[in-house]
Amino acid sequence: MQKKQFNETVYTDINAFVFGRAKYPVALTNGMVIGGGTVYPEVNFTLPTMQITKDTMPDVIRNYTEIITGICERAKELYVPGFVAEIETLPPMTENPEWGIEVCKTVVGIVKEYEVKHGIKGAVRITPNDIREGSGLEHMWRGWHWDAMLKTFEGCAKAGADFLAVESVGGKEVHDDAIMYCDIAKSIFALSVLGCADMNKLWTEIAAIAARTGTIAAGDTACGFGNTAMVLADRNYIPRVFAAAVRVVTAVRSLVAIECGAKGPHKDCGYEGVYIKAITGTPISMEGGTAACAHLSPVGNIAACVADIWSNESIQNIKLLGGMAPTVSFEQLVYDCRLMNEASARGQQTALLLRDLHADSDSKLDPQAYVLRPDIALDISKELVKIDGYYPRAKKAAALALSHIQKAHDQGSLALDDKELMWLENIANTVEELPADVGEFTENIIGECDKLDPKKYDM
């Protein structure tokens with residue numbers, strides 16, 4: 001399959017860049033159209049604290065049965081027009097693919113049963129946990145870790161999953177150190193050199209599985225990169241301007257999935273989805289205030305601006321006063337989606353007003369929110385696609401993010417304290433001094449990556 005190339009953004013008009021509508025919607029056989037005018041809730045759920053073994057699998061299945069049944073019942077009671085249920089397998093469920101496949105089959109069966117009996121439209125996204133980490137890893141693209149992941153994808157696709165997604169980890173061993181030391185050069189290396197190479201290999205395989213099984217290759221997310229930085233910045237461990245720059249660089253990496261054949265919806269915990277939608281027109285899932293059950297963030301409202309699916313990130317199956325936590329979280333998503341859909345129903349101007357309120361309420365308070373503004377994301381995207389090559393594009397992404405942040409502060413539309421301004425200047429200078437050639441850049445930095453085994457990337 002020939003890779004797609006994106007040399008210009010699909011969107012040129014900011015007034016067309018809004019929640020619920022994508023240039024290239026994704027249609028399902030049950031009538032749901034992602035990006036076709038309706039924002040759907042996507043509920044992500046996981047187990048309570050427990051061991052996952054062969055002996056506990058009956059209890060695992062009982063939990064998933066309880067979770068999805070509660071969600072489907074609430075969907076019926078709230079007249080939900082459609083929803084997506086996401087299963088993120090836990091590591092043992094990818095290490096033992098038959099366990100993850102059994103969970104997927106259970107959830108799919110109940111979703112389909114409710115659709116037949118009650119007309120509740122539902123779709124299932126399967127996100128196998130990327131287990132390619134640790135000292136036992138033979139190679140990123142061969143060995144039992146790789147084989148188990150692909151077997152989980154294929155088995156879950158055959159079990160009825162609609163969307164195939166992943167939070168891939170290529171380059172994460174380097175990026176973790178990059179975040180710890182606020183090393184933007186290492187971040188760019190991890191995301192553009194290691195990460196993009198891994199994305200090409202992995203997403204070529206995922207797209208092939210989707211084609212064989214009649215499922216939809218949806219998208220990747222740089223959660224382990226951008227969200228790790230965001231959470232640490234929120235706790236004041238690292239500068240917010242660094243995390244903001246990383247967020248924009250992650251778009252270069254996540255775009256590779258679309259180049260290899262992914263069609264969306266891009267996965268929720270990839271806030272870089274705003275850039276993916278701007279460039280490619282694919283629908284995106286996003287998370288914001290409703291993801292506080294999983295992690296805190298400074299982007300609770302702005303994340304909804306151009307979302308086609310609205311998600312909660314992930315929530316454990318525990319008891320709350322209102323009911324089981326996944327059902328409670330699902331209800332919150334439903335009401336958020338109702339508001340966005342009602343705004344769309346009242347016309348473009350009302351939808352744009354709600355979009356801009358979402359943006360303006362967050363963007364002036366944190367650079368991580370500012371770089372998610374639809375106008376800023378579109379402006380940066382238009383410049384990014386002019387650049388060829390993953391490394392030059394990633395370098396440009398960081399430079400553009402930092403430049404827009406500086407300009408916003410100078411104009412009084414973004415608040416930054418003296419410490420953040422100092423980091424902004426230092427990081428911008430570092431990016432400007434990076435070599436133009438990827439070979440020279442790699443040669444200079446690879447020796448500093450103590451946790452990297454280049455052989456595992458065929459380097």
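Predicted model: local features only at pLDDT ≥ 70, side-chain atom pairs only at ≥ 80, totals over all residues.
Contact between residues is taken to mean heavy atoms within 4.5 Å. Val241, Ala244, Ala245, Val248, Val249, Val252, Leu255, Val256 and Glu259 on the α8 side meet Tyr390, Arg393, Ala394, Ala397, Ala398, Ala401, Leu402 and Ile405 on the α14 side. Sorted by class, this contact comprises 15 nonpolar and 2 charged residues, with no polar ones. Helix α8 spans residues 240-259 and helix α14 spans residues 390-410, and their axes come within 8 Å, crossing at roughly 145°. The crossing of α8 past α14 is right-handed.

In soluble globular proteins, nonpolar side chains tend to be buried together. In the present model, the largest nonpolar core contains 149 residues, and Phe45, Ile68, Phe83 and Trp310 have the most contacts inside this core. The element that gives the most to the core is helix α6 (residues 184-213), with 15 residues. Another core, of 12 residues, lies apart from the largest one and has Val26, Met32, Val84 and Ile216 among its members. The surroundings of Phe45 can be listed individually. When neighbours within four places in sequence are left aside, Phe45 is in contact with Tyr64, Ile67, Ile68, Ile71, Ala85, Glu86, Ile87, Val107, Ser314, Ile315 and Pro326.

Helix α5 (residues 172-180) also has buried positions, namely Lys172, Val174, His175, Asp177, Ala178 and Ile179. The elements that cover these buried residues include α6, α7 (223-234) and α8. Just after α5, Cys182 adopts a positive phi of about 50°.

Ser285 is located in strand β8, which covers residues 285-287. Because its relative accessible area is 0%, Ser285 is classed as buried. With residues up to four places away in sequence not counted, Ser285 touches Glu42, Arg125, Pro265, His266, Lys267, Asp268, Ile309 and Ser311. With Glu42 there is a polar contact between side chains, at 2.7 Å. A separation of 18 residues in sequence lies between Ser285 and Ala303, whose C-alpha atoms are 9.6 Å apart in space. Pro265, one of the residues touched by Ser285, belongs to the loop between α8 and α9 (273-280). The peptide bond leading from Gly264 to Pro265 is cis, and its omega is near 0°.

A positive phi is also found at Glu313, where the angle is near 75° in a residue other than glycine. Glu313 lies in the loop that connects β9 (309-311) and β10 (315-316). Its relative accessibility is 8%, so Glu313 counts as buried.

The segment after α16 includes Asp458, for which phi is near 60°, again a positive value in a residue other than glycine. Asp458 is among the residues touched by His139, together with Lys455, Lys456 and Tyr457, when residues up to four places away in sequence are not counted. His139 itself lies in the loop between β5 (122-127) and α4 (144-158). This histidine counts as buried because its relative accessibility is 2%. Two polar contacts of the His139 side chain can be described. One joins the side chain of His139 to that of Arg142 at 3.5 Å, and in the other the His139 side chain reaches the backbone oxygen of Lys456 at 3.4 Å.

Thr442 is placed within helix α16 itself, which runs over residues 438-445. With a relative accessibility of 14%, Thr442 falls under the 20% limit and therefore counts as buried. A polar atom of the Thr442 side chain lies 2.8 Å from the backbone oxygen of Val438. Beyond residues up to four places away in sequence, Thr442 touches Phe189, Val193 and Met459.

Key
Residues numbered from 1 in each chain as written. Heavy atoms only, no water. Axes fitted to C-alpha atoms, helices over the stretch in contact; angles between N-to-C directions. Helix = DSSP H or I, 4+ residues; strand = E, 2+ residues; numbered from the N terminus. Left-handed = near helix turned anticlockwise from the far one by under 90°. Nonpolar A, V, L, I, M, F, W, Y, C, P; charged D, E, K, R; others polar. Core = buried A, V, L, I, M, F, W, Y, C linked by side-chain atoms within 4.5 Å. Buried < 20%, exposed > 50% of the residue type's maximum accessible area, 1.4 Å probe, protein only. Polar contact = N/O pair within 3.5 Å; in protein donor to acceptor, adjacent residues only side chain to side chain.
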